[in-house]
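Please have a look at the sequence and the fold first, and then read on.

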Amino acid sequence: MRKPALVIMLFLNLGVATAADTASWTKWEGTPGTPTGTFVQNNNTIEVTYTGQFFSIDNDARIFDSVPTSFTSSAVTNTPGNSGSIRMTGGDEEVNNFHFSQAVIDPLIAIWSVGRPSAPVTFNFDSPFTILSQGGGYWGGGSLTQSGNSLTGLEGNGLLQLKGTYTDISFTTPDYEYYYGITVGGLISAVPEPQTYTMFLSGLGFMCYMARRRKY
């Protein structure tokens, strides 16, 4: 009688133990000048370098975890927490850039406290994106609206995703506010888009063709 109960308990404990985060967020280093960090996707460690308008690194987990539903979705189960984010003030046309050491599939972006209820702030991205979730944050509720590749916040907080593979994400922040933040990451296990497989298979086929030609 005890064995089935023991098996059930082990099964339940195994289920708890194997439950894992689905997103890996950049762990930022508080280095002045050019902030750097890393996250993991498909067992690869991605090195991230940020250049552009910069105020400081913020490692306060309350920014994301006070209202976690604003930074999670059905696919993204965990917030950046205390991994940190880039704190900025904007107010110019400088191009800001996240550079990845290798291609990232469907990268994630978390932004917080973008704008005030009476003073909107806009991010102009160089690529299309989707708002996966949004809502309140540590400093209260707010909203995000999208127009093309631009995102405008009125004390906005949210989770964005780009589709495809990227080694760089660039954007401008022409509106000044003291202050707002952004960070990047990716799904821990990500599947390339079908066209990525097509390119890979085409390249593999070409290599096989060239190898066969060398035999004759």
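A contact here means heavy atoms within 4.5 Å. With that in hand, 78% of the contacts in the protein between residues at least 6 apart in sequence join residues at least 24 apart. This is a predicted model, where local features need pLDDT of at least 70, side-chain atom pairs count only at pLDDT 80 or more, and totals for chains, interfaces and linings use all residues. Residues are numbered from 1 along each chain as its sequence is written, and side-chain values use heavy atoms, with hydrogens and water left out.

**Overall make-up**
- The protein has three helices and 15 strands, taken as DSSP runs (helices: H or I, at least four residues; strands: E, at least two) numbered from the N terminus.
- Of the 216 residues, 41% are buried, meaning under 20% relative accessible area with a 1.4 Å probe and protein chains only.

**Strand β15 and its partners**
- Strand β15 (residues 180-187) is largely enclosed by the rest of the structure, because eight of its eight residues are buried.
- Strands pair if DSSP finds at least two bridges between them.
- Strand β1 (residues 23-25) pairs with β15 in the antiparallel sense over three bridges, and Ala23 stands opposite Leu187.
- Strand β6 (residues 85-88) runs antiparallel to β15, joined by three bridges; Ile86 has Ile182 as its bridge partner.
- Strand β8 (residues 108-114) is also antiparallel to β15, with five bridges, and Ile111 has Ile182 as its bridge partner.

How values were computed
Buried means under 20% relative accessible area, exposed over 50%, partly exposed in between (1.4 Å probe, protein chains only).
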